[in-house]
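Have the model open as you read.

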Amino acid sequence: MITSEGISGGLLASMLGGPFLTGFMLYLGASSAQIGFALAIPAFANLAQIFTAIVTHNVDNRRAYVFGYGVLYRVLWVLTGLIPFVLPESYWVYSFITLYLLSYLCSNIAGVIWASLISDMIPSQVRGRYMGIRNTIVGGLAAAAVLAGGQLLELFSKQNGFIFLYGIAAICMVWNGYHLFNYPNLPYEKSQESHKLQLLLKPLKDRSFLRATLFLAAWIFFQNISVPLFSYVMQDVLSISIQWVTIITTIQMIVMMASYYVWGNMNAKYGTKRVLLWTLPIIAAACLLWGAIAWIPAIPVLILVHMLLGIGTGGFTQLTFNFTIEEAPASERTIYVAVFAALTGFTGFLGPILGGEIYRKMSTMPTWLEHYGFSAGMGLVLLGLALTAGRSMLRPNRVNASSKAVVQKKHEELAS
């Protein structure tokens, strides 16, 4: 059920997100700053998870929340496709941003409870490997959908092409709602803490969790200054066709899909924090490689960039999810997930906004900065962050000798 639901959700996101989100906003007449703001919305909406976790920390019917807000999230996103047909052109961009923001607020309200429900549905002994297999399947189909979507936009006018994409997304929306409705409503181990402020303070008092979360929040800030705008740079700055952008994105998704299973096995063998640290230099290298455009044609360089990005972000996304649910006691899982999402969401929100403004300013500067210099420079910043603060903040927890034996035994069980 989890895999089937992931397929329908992944297909919808691939039809409306990624390069198509940037392409649709350019079609609506958005500037780089407006695109940067829109790309920051998913991270900003994470702040809603704090409110959700406090209000619903002892909720009985988790399935109802996941179904209701999960469906509303996708309905609002699909409704953005009607904007060119029902509103004056001067309202297009702002209406899109408003609906997109409301959509992702619903997504994150559903997401914090979904993470709690998923952690109870999947036995801990196989969670890392299972999520790797699930993400591989979902990623493979999503990659095929991106490639097909790019062909549709090449075959038809932009207006007709986006009509097709939104039509397919609407079908996936209904399909996804059916799967969410059929999720089981498992018994919930409730928190013994009745005071909401004390509940919120619990993850903040967990030193190991807080250290790692603050580092990851800083990492996401610097990463999001550059990485989410890759599609914008390809389409608007380098003037690469949407067909090539979708091919490059598809290659990234295929590589990411293949990496999920590998990261899942490494997670089971070596532990979450250690393997999470290994993903960071790969993401930094993807940014650094933009500098090769100075000597090599852009297309082959961008293919290599996105292959590295697929490997790095595939592991990063999967391992940060595992990190939050592993670090939290079962009864406090929603508030741990919410605090992590809020801290990383706030910095993730600021990153693309700053990046969009920087690209707007760079339009008057030497072209090499806009084409590849800024991305390569951010790669240097990320590499330095990974090799210094990352090694300190993502250290595995210190344990005594007897605890080490227990941990080793658990890792052997997971690996088998």
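## Burial and overall make-up

Of the 416 residues in the chain, 55% are buried. Keep in mind that this is a predicted model. The accessible surface of the chain comes to about 17400 Å², and carbon and sulfur atoms hold 67% of that area.

As for secondary structure, the chain has 18 helices and 0 strands. Looking at contacts with a separation of 6 or more, you will find that 86% of them join residues 24 or more positions apart.

## A closer look at serine 259

Serine 259 sits in helix α13, which covers residues 242-270. Is serine 259 buried or exposed? Its relative accessibility is 7%, so serine 259 counts as buried, the cut-off being under 20%.

Which residues does serine 259 touch, once neighbours within four places in sequence are left aside? The contacts are Gly310, Ile311 and Gly314.

## The second largest cavity

The structure holds 2 cavities of 30 Å³ or more. The second largest cavity has about 30 Å³ of space, and its lining is made up of Met15, Leu16, Phe20, Leu21, Phe24, Phe162, Leu165 and Tyr166.

Notes:
Residues are numbered from 1 along each chain as its sequence is written. This is a predicted model: local features need pLDDT of at least 70, side-chain atom pairs count only at pLDDT 80 or more; totals for chains, interfaces and linings use all residues. Side-chain values use heavy atoms; hydrogens and water are left out. Helices (H or I, at least four residues) and strands (E, at least two) are DSSP runs, numbered from the N terminus. Buried means under 20% relative accessible area, exposed over 50%, partly exposed in between (1.4 Å probe, protein chains only). Contact means heavy atoms within 4.5 Å. Accessible areas come from the Shrake-Rupley method with a 1.4 Å probe; for residues, only the protein chains shown count as cover. On a 1 Å grid over the protein atoms alone, a cavity is a set of points where a 1.4 Å probe fits but cannot get out, and a pocket is an open set with protein on both sides within 12 Å along at least five of seven lines; lining residues have an atom within 4 Å of a point. Grid points are joined across faces, edges and corners, and a volume is the space filled by probe spheres set on the points.
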